[in-house]
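Hi,

Here is the model I promised to pass along.

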Amino acid sequence: MEIPYTIDDRPDTGLYNAKLGIWLFLASEVMLFGALFSTLVLLRTGADYWPHGYEKLNVPLATINTFVLIASSVTMVMSWASLRLKDFRKHRLYLWLTFLCGLGFMVIKGIEYGTKFSHHLYPSTDNFYATYYTLTGLHGLHVVGGMVVILYLLLTGSRMWQSQPERFTNRIEVVGLYWHFVDLVWIFLFPILYLL
Amino acid sequence: MSVPEKQPAAVAEHHGHHEEPFWKKYIFSQDHKVIGLQYGITALFFLMFGFCLMLLMRWQLAFPGKPVPLLGGLASMSRLFIYGALLILAIAAVYLLRGRATGAVRGLAVAVVTLASVFLFVTLVARLLSDANAPGGIILPEFYNQLGAMHGTIMVFLAVVPLLVGAFGNYVLPLQIGAPDMAFPKLNMASYWCYLPGGLVMLMSFFVPGGAANSGWTSYPPLSNIATQGQTWWLFGMVLLITSSLLGSVNFITTVFQLRAKGLSFMRLPFFCWAQLVTSFLLLLAFPPLEAAGILQLADRLLGTSFFMPSGLVVSGQVLDVAGGGSPLLWQHLFWFLAHPEVYVLILPAMGIVAEVIANNTRKPLWGYKAMVYATIFLGFMSFIVWAHHMFLTGMGTSISAFFQTTTMIISVPSVVILTALLISLWGGSIRFNTPMLFALAFLPMFGIGGLTGLPLGLAPSDIHLHDTYYVIGHFHYVVAPGTIFAIFAGIYYWFPKFTGRKMSEALGKLHFWPSLIAINCVFMPMFIQGLAGVSRRLYDGGQQYAHAQEVLHWNAFMSAGAYMLLLAQIPFIFNFFWSMRRGEKVGANPWQATTLEWAAAPSPPVAHGNFPQVPVVVRGPYEYSPPDEDVEFLPQHTPQQA
Amino acid sequence: MAGHTVEEIKKETRGYILVFVALAALTVVTVGVSYLHLSIGPAIVLALFIATIKGSLVACFFMHLISERKLIYSVLILTVVFFIVLMVVPLSSFLDHLAPWG
């Protein structure tokens, strides 16, 4: 017996399984990052001295990274829209662009970390750097996780597109939801860490 | 549900590739039933192991400074014996599971497996008493701390929750809602394969230098930040276990919303499913903050950050070389943000099991089903905003204490609603006193004691006296041990015929129940006496050094005797469990004459892939026992579809 | 739920480009404001306000929450409630130390 609603929407919820699943997962992610934000707020309010982010961190680099990540979100959503228009070639193009943006984000992040390390600024330096490294590091891990899944879909996608086009479109939608969420977290991380 | 006409073809197709390879069928299985059993067996092992840690502690408390009897000799035995036993066990087990053995050879293999397993288990426990932990069999204080921390961790995260959710939830929930499997079978498999390594990491941590985590199951910093490396293992183990829980909860919630059979509206859902649904939401939203806290503590330990390290901390006369500025209180908030909802994770599915067993064995509908459902939802919601009642003594302030006292008093209301509804459900029933029912009935007063003794702990003024005394230990053990674990036993006896197609022995079941009930009360009831007298928990010598404890110290030996009686009382259960798998009375699909789908619509055990021979369509509520206007004794939830 | 006809989807994609432009512009604004070095109170309010707008744009359009099912809204509302609890309550441990009401 097949598991129902892997492709079609269940009438009463209006959802297919994976879509509900990813939103539940994202809800748990909200709580994960919520705890980390709460940590940052608590430590910062309790601290005698806490530097402004722009005094210590590289704002221009992070701004570029913000553009890169926003762009990757657009390409992701375009790659889903192309699939819904049955244009697989365009979908692939956009998905590759998304992957490359993710890669670009990580490279820039690496440069940022590298400069900090070369100035002997580590997580153990003080709680400002501890929160900076932990929050951006965990966010970076989420980006990498998303890139791995996107790469997997790039490599195996055409086969699935041929056998189960609707299921594949659903998959891209679900991965897109995750990817946009990672973008959304950055949208909050960026001002909180770098600009305040 | 797929179109009914397709069914015969689908069934035939599955008969086609019936013979799956061994590893796919038993090890990396994606069938919720096999995964449920994997969870169940692993968790029962950890339940027994956690129980043995407690037995060691109780020896030390009753007879401080005396060597642990019997196990001493095994501690220093050569490893060759262990490897040999492992090899023999593996060969015999694989031989048996392939299912080709017959007659005397089979009997021999069973005997070998039994002996090797018992030998390995006892050796595992004995090896904990190494020279570093217990020279000459005398338990060292450092080792006592490990026992306490790991007993709590193992019982909560590796035994009870995996049994309730991983095992019963996984096996029973899809069956009760008429689904062919979980919504995401691969995720389900991944969940088990995060749980098992998490458990193994916890076990292995006993054998690293400095031993296992020894900062309590709560792992409060700064103590846990400067503890030996066992704490790092604990954190890695926890991250794996949390991941496993998250995967599981996403799966459970999706399954309940998406895969209910046709006609199974939410108000026709068996109460067990409601309990699982709310529990999954608790796991989904409460665990991530602890995962975050775990990551932060890992950073503190491995990267030298100071999230939980205050400035100017002095350890052994030395100021610690850390940046400082962290907040130990932050950990407590993040920890209890999970750990209080976790209490309801421990109790809600247990109530679910008890509700099923009681409805079935009183042969009448549950009283106040809807009230129970709403109470459960409310309970789940409130459980997120009561956590800081664990922290009244941290100096976090009176305004926030006042808030949490209020919410704590409020949350006791829905618990009482559920318990009362279960109690009133007994009224006027034609009760069958079989083993599952006995355990379910015992749950009611035991949980009642546990719950009501919690009230003084929820009020800051009385908590100041009782905090961290044996009273607290007595309170939460009444909730979890004779409460939840009795419900788990009820569940095992109740659903065993569904798992195996055979009933467990009633006589042995009663031999298990009555001594367990008496013994477990001997263990926990005196804790209230000691706690009220002011004996603190986590004391290595059980309170010998304290003048005010002298009056109540004699209870220590009594409680320990109770604990050893409790061990003896489990022997009939363990024997019954394994013996009944092959030799128990053979039963049909529905030996308890139950109404819910897992009994009424599926064979025992259910169809390997897909559960139901025919897709059930639900037409009525879950507990239509003794319907007044019908000439039948019970009405199943579904009407069988004509093939 | 997102549209299904070719026309609808094409209209949506034009919307995505607009959202992208808005996000980029807001990023420029928030970075620009940070160079003004406002005092911390207004700076936090302004930065979080802009971030919330940006976040809402991503959630509403890229994650098409603007036309999503009731069940998903319910889950998210529940999550947001607990998120707020998680943000506010640990901080209020220090209420007594601030003690505005004595």
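This is a predicted model: local features need pLDDT of at least 70, side-chain atom pairs count only at pLDDT 80 or more; totals for chains, interfaces and linings use all residues.

Residues are numbered from 1 along each chain as its sequence is written, chains are lettered from A and ligands numbered from 1 in the order written, and side-chain values use heavy atoms, with hydrogens and water left out.

Chain C has four helices and zero strands (DSSP runs: H or I of at least four residues for helices, E of at least two for strands, numbered from the N terminus). Of its 102 residues, 39% are buried, meaning under 20% relative accessible area with a 1.4 Å probe, protein chains only. The accessible surface (Shrake-Rupley, 1.4 Å probe) is about 5,600 Å², with 77% on carbon and sulfur atoms.

Now the interface. Chain C puts in 16 residues and chain B 19, contact being heavy atoms within 4.5 Å. Together they bury about 1,500 Å², 80% of it on carbon and sulfur atoms; that is accessible area (1.4 Å probe) lost on putting the two parts together, summed over both. There are zero salt bridges across it (Lys or Arg side-chain nitrogen within 4 Å of an Asp or Glu carboxyl oxygen). On the chain C side, H3 (70-92) and H4 (95-98) each supply at least two residues, and H3(C) gives the most, with eleven.

Cheers

Notes
Buried means under 20% relative accessible area, exposed over 50%, partly exposed in between (1.4 Å probe, protein chains only).
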